[in-house]
Amino acid sequence: MTGSLRVVVADDQALVRTGFRMILTADGIDVVAEAVNGADAVEAVRRTRPDVVLMDIRMPELDGLEATRRILTGADGEPRVIILTTFDLDHYVYAALSAGASGFLLKDVTPEHLVASVRMVRAGDALLAPTITRRLVERFANRGADTAALHRDLAALTPRELEVLRLLAQGLSNAELADRLHLSEATVKTHVARILAKLRLRDRVQAVVVAYETGLVSPSGSEP
């Protein structure tokens with residue numbers, strides 16, 4: 001992708017916002033706005049149209065989960081959202097992934113990882129490995145009314161696509177999928193792209209969530 005990379009940083013702690021701004025700016029990434037709560041984040045995104053939003057999950061007035069839902073509901077060209085959290089496997093993180101976030105980072109992330117993650121998500125990749133997403137799903141799926149489950153009709157998928165989705169949800173990479181199914185990596189990538197398109201998903205993270213939420217894969221990682 002060409003052009004400058006535009007980011008909004010939403011966190012109620014000034015020190016976190018300042019630190020992230022300094023790290024990103026030093027690497028040529030344009031921080032177009034900062035927000036101190038979820039409502040400010042939604043307004044900042046509408047005003048500046050960034051590529052990526054770094055979203056704290058716990059903020060006053062409007063939390064990061066609801067802000068993520070509002071940002072990712074609506075027009076095309078919406079930004080990618082990376083959730084910021086202090087706690088690994090927080091149930092709010094799972095709900096945010098279900099709502100459409102492309103991954104999460106712990107706030108003690110290294111500068112190098114922060115920059116690489118923002119660039120990766122802007123390029124359209126999911127930020128975390130399917131195996132990590134699976135841990136989140138296994139712990140938190142269907143455990144509360146606040147879970148923003150993605151309901152999708154898997155009937156649109158071919159038998160081969162269902163097989164690819166089932167294995168993808170178990171944490172297999174494209175190379176591992178190709179080896180397991182005796183296909184080329186290019187063919188696997190085509191299958192994955194078609195799955196995402198048919199189910200209207202942004203990335204592999206959401207595909208893993210859908211596989212569990214629809215019952216295609218059980219928490220044990222196998223077919224129900």
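This is a predicted model: local features need pLDDT of at least 70, side-chain atom pairs count only at pLDDT 80 or more; totals for chains, interfaces and linings use all residues.

Residues are numbered from 1 along each chain as its sequence is written, and side-chain values use heavy atoms, with hydrogens and water left out.

Stop 1: 6 of the 6 residues here are buried, so β4 is largely enclosed by the rest of the structure. In a regular strand the side chains alternate between the two faces of the sheet. Here R80, I82 and L84 sit on one side, V81, I83 and T85 on the other, and both faces are covered.

β3, residues 52-56, pairs with β4 in the parallel sense over 5 bridges, and β5, residues 103-106, runs parallel to β4 with 4 bridges. Click I83: M55 stands opposite it, and its bridge partner in β5 is F104.

**Stop 2: the core.** A nonpolar core is a set of buried Ala, Val, Leu, Ile, Met, Phe, Trp, Tyr and Cys residues joined through side-chain atoms within 4.5 Å. The largest one has 55 residues, and M55, V81, I83, L165 and L199 touch the most other members. Its largest share, 7 residues, comes from α10. Domain 1 (6-127) and domain 2 (150-214) both give residues to this core, so it lies between them; those bounds come from an automatic or database domain assignment.

Centre on L165 next. Leaving aside neighbours within four places in sequence, L165 is in contact (heavy atoms within 4.5 Å) with L154, L157, I195, L199, A207, A211 and L216.

**Stop 3: helix α10.** Select 204-213, where 9 of the 10 residues are buried. What is at the start of α10? A side-chain oxygen of D203 reaches to within 3.2 Å of the backbone nitrogen of Q206. After the helix comes G215, with a positive phi near 85°.

**Stop 4: charged pairs.** Show Lys, Arg, Asp and Glu side chains: the structure holds 11 salt bridges, each a side-chain nitrogen of Lys or Arg within 4 Å of a carboxyl oxygen of Asp or Glu. Start with R17 and E34, at 3.1 Å, N to O. R17 is in helix α1 and E34 in strand β2, 17 residues apart. Buried or exposed? R17 counts as buried at 11% relative accessibility, whereas E34 counts as partly exposed at 30%.

Then go to D56 and K107, whose closest N and O atoms are 3.3 Å apart. D56 is in β3 and K107 in the loop between β5 and α5, and both are buried.

**Last stop: N37.** Look in the loop between β2 and α2. N37 counts as buried, at 5% relative accessibility. A polar atom of the N37 side chain lies 3.1 Å from the backbone nitrogen of A39. Beyond neighbours within four places in sequence, N37 is in contact with M59, P60, E61 and L62.

Technical notes. Buried means under 20% relative accessible area, exposed over 50%, partly exposed in between (1.4 Å probe, protein chains only). Helices (H or I, at least four residues) and strands (E, at least two) are DSSP runs, numbered from the N terminus. A polar contact is a pair of N or O atoms within 3.5 Å; within protein, one must be able to donate a hydrogen and the other to accept it, and residues adjacent in sequence count only if both atoms are side-chain atoms. Two strands pair if DSSP finds at least two bridges between them.
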